[in-house]
Amino acid sequence: MTKVLHLQQTLEVPIVRVYRALTEAAELEKWFAEHADVSLTDGRYDFWGRFTPETPGKRAGHHPVKVLEPGKRFQYQWTLRGGDTTVDVQLAKRGSRTVVVVRHHDIPKSTEPGMAGYAFEDVWFLALENLKRHLTGHDVVRCDFSAVRPGDIRHTIAIKGTPHDVWQALVSPDQLNRWIASNASVDLKPGGLYDLGWGPDGGILQILSIDPEREFALRWDFGDQQTFLTWTLEGSGGKTRLTIVHSGFGSDERVDGLNVGWLHFLLWVKSLVEVGADWMPAIKALSRDVALLYAASIWAAQDDLIDENGWDAEIQ
C-alpha cells in the first residue's frame with residue numbers, strides 16, 4: 001500500500017456552495033464524473049463512466065459512504081487496482097475562503113510496467129482544478145479514461161489568452177515554477193537546456209528547434225529512453241490552441257500515467273493564463289526528498305496544509 005495521498009484546494013467560494021458541488025449528483029456530472037447517483041444519508045456516493053478511472057459501469061461505480069458529517073466531511077470507499085481504498089473529503093473555512101482537503105488512503109501500488117499505471121495524484125490534481133473552474137464559471141477539461149491508448153500522446157486545449165501569454169507560461173522560469181518546475185532555467189535556443197530543476201531523476205530536456213510564440217521541440221533523455229516533446233501554439237480570436245505531442249513511444253507501449261499527467265499540466269497552463277497572478281494549483285503534502293519533482297509553488301505552500309486532527313476549529 002502507498003502512504004496517504006493528501007491534496008488540498010483553496011477556493012474563493014462559500015463552504016455551503018462547495019459542499020453542494022461535491023455532494024449533489026447533478027453537480028458532480030458537470031466537473032467530475034460522467035454519471036453520478038448520490039445520497040449521503042443513504043450511504044451512497046456512486047459515480048461511473050468515462051471520466052473516472054476503473055468505473056466503466058454503474059456496478060463498478062458503487063462507493064459506500066463510511067463517514068458523514070453533513071456540511072463539512074464525508075468519506076467513501078473506492079475499489080482501485082483490486083483493493084479497497086478510502087477517500088476522505090473534508091472542508092474547512094479560512095476567512096471567506098474554503099479549503100477542500102482530499103486524503104486518499106491505501107492506494108495499491110501499480111503492478112503495471114513503466115508509465116502504464118496512473119498516478120492517482122494526477123487524477124486528483126485534474127479533478128480539483130476542474131472543481132475550482134466549475135465553481136468560478138470556467139470551462140472544465142476532463143480525461144476520457146476509456147479513450148487512453150498506447151503509443152504517442154497528443155493533447156490539445158483552448159486557452160483564453162494570446163499566444164504571447166501562453167508562450168510565457170511555457171518558457172519563462174518564473175511562470176514554469178508556478179505549474180511544473182521546481183527551479184526552472186531555460187536557455188531559449190536550439191541546443192539549449194530546458195531545465196525544470198528536477199535533478200537527475202527528471203532526465204535531461206534539450207531544445208531541438210524553436211519558433212517563438214508558435215512552436216518549440218524538445219528531446220527528453222530519461223535513463224536509457226529518448227522521447228520528444230513538441231508544443232504548438234495557434235492564436236485566433238483572442239484564444240490560443242495549445243497542443244502537446246509526446247512522441248517516441250512504441251505503438252503498443254502503454255503510457256497511461258503520462259497521458260493523464262500531461263492533461264492535468266495543460267489544464268494548469270490554461271488556468272494560469274486565464275486567471276493570472278492569483279492562480280495557484282492544488283497542493284500536495286510533500287517530503288523533502290521528492291520536492292524537486294514538483295512545482296516550486298507547491299513546495300512553498302507546505303505550511304498551508306491542514307492537519308487531519310484540526311477540523312473542528314474554524315481556521316482564520
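Ring pairs join Tyr19, Trp31, Phe32, Tyr45, Phe47, Phe74, Tyr76, Trp78 and Trp124 into a cluster. Rings of Phe, Tyr and Trp (its six-membered ring) pair if their centres lie within 6.5 Å; planes under 30 degrees apart count as stacked, over 60 as edge-to-face and the rest as tilted.

This is a predicted model, in which local features need pLDDT of at least 70, side-chain atom pairs count only at pLDDT 80 or more, and totals for chains, interfaces and linings use all residues. Residues are numbered from 1 along each chain as its sequence is written, and side-chain values use heavy atoms, with hydrogens and water left out.

## Confidence

pLDDT is the predictor's confidence in each residue, from 0 to 100. The protein chain averages 94. At least 70 is reached by 97% of the residues. Over residues 310-316, pLDDT stays under 50. For that stretch the model has 14 contacts beyond four places in sequence. Contact here means heavy atoms within 4.5 Å.

## Aromatic pairs

The whole structure holds 23 aromatic pairs. In one of them, tyrosine 45 and phenylalanine 74 have ring centres 5.0 Å apart and planes at 45°, so the pair is tilted. This pair links distant parts of the chain. Tyrosine 45 is in strand E3 (residues 44-48), phenylalanine 74 is in strand E5 (residues 73-80), and 29 residues separate them. Helices (H or I, at least four residues) and strands (E, at least two) are DSSP runs, numbered from the N terminus. Both tyrosine 45 and phenylalanine 74 are buried. Buried means under 20% relative accessible area, exposed over 50%, and partly exposed in between (1.4 Å probe, protein chains only).

Phenylalanine 125 and tryptophan 268 form an edge-to-face pair, 4.9 Å centre to centre with 70° between the planes. This pair also links distant parts of the chain: phenylalanine 125 is in helix H3, tryptophan 268 is in helix H6 (residues 256-275), and they are 143 residues apart. Phenylalanine 125 and tryptophan 268 are both buried.

## Two helices

The expected span of a helix is 1.5 Å times one less than its number of residues.

| Helix | Length | Reach, first C-alpha to last | Expected span |
|---|---|---|---|
| H3 (residues 120-135) | 16 residues | 23 Å | 22 Å |
| H6 (residues 256-275) | 20 residues | 29 Å | 28 Å |

Helix H3 is mostly covered, with 16 of its 16 residues buried. Helix H6 is mostly covered too, with 19 of its 20 residues buried. Just after H3, glycine 137 takes a positive phi of about 80°. Just after H6, glycine 276 takes a positive phi of about 95°.

Two strands pair if DSSP finds at least two bridges between them. Strands E12 (residues 215-222) and E13 (residues 225-236) run antiparallel and are joined by eight bridges. Alanine 217 has threonine 230 in E13 as its bridge partner. Two residues lie between these strands in the hairpin, where glycine 223 takes a positive phi near 65°.

E13 also pairs with strand E14 (residues 239-247), in the antiparallel sense, over nine bridges. Tryptophan 231 stands opposite isoleucine 244 in E14. This hairpin has two residues between its strands, and glycine 237 takes a positive phi near 60° there.

Most residues other than glycine have a negative phi. Glutamate 54 is not a glycine, yet has a positive phi of about 60°. Glutamate 54 sits in the loop between E3 and strand E4 (65-69). At 36% relative accessibility, glutamate 54 is partly exposed.

Glutamate 213 is not a glycine either, and has a positive phi of about 65°. The loop between strand E11 (204-211) and E12 holds glutamate 213. Its relative accessibility is 31%, so glutamate 213 counts as partly exposed.

## Two strand residues

Glutamine 8 lies in strand E1 (residues 5-11). Its relative accessible area is 2%, so glutamine 8 is buried. A polar contact of 3.1 Å joins its side chain to that of histidine 6. A polar contact is a pair of N or O atoms within 3.5 Å; within protein, one must be able to donate a hydrogen and the other to accept it, and residues adjacent in sequence count only if both atoms are side-chain atoms. Beyond four places in sequence, glutamine 8 is in contact with residues including Arg94, Val100, Ile283 and Asp304.

Arginine 97 is in strand E7 (residues 97-105). Arginine 97 is partly exposed, at 33% relative accessibility. Arginine 97 and valine 13 are 84 residues apart in sequence and 5.9 Å apart in space, C-alpha to C-alpha.
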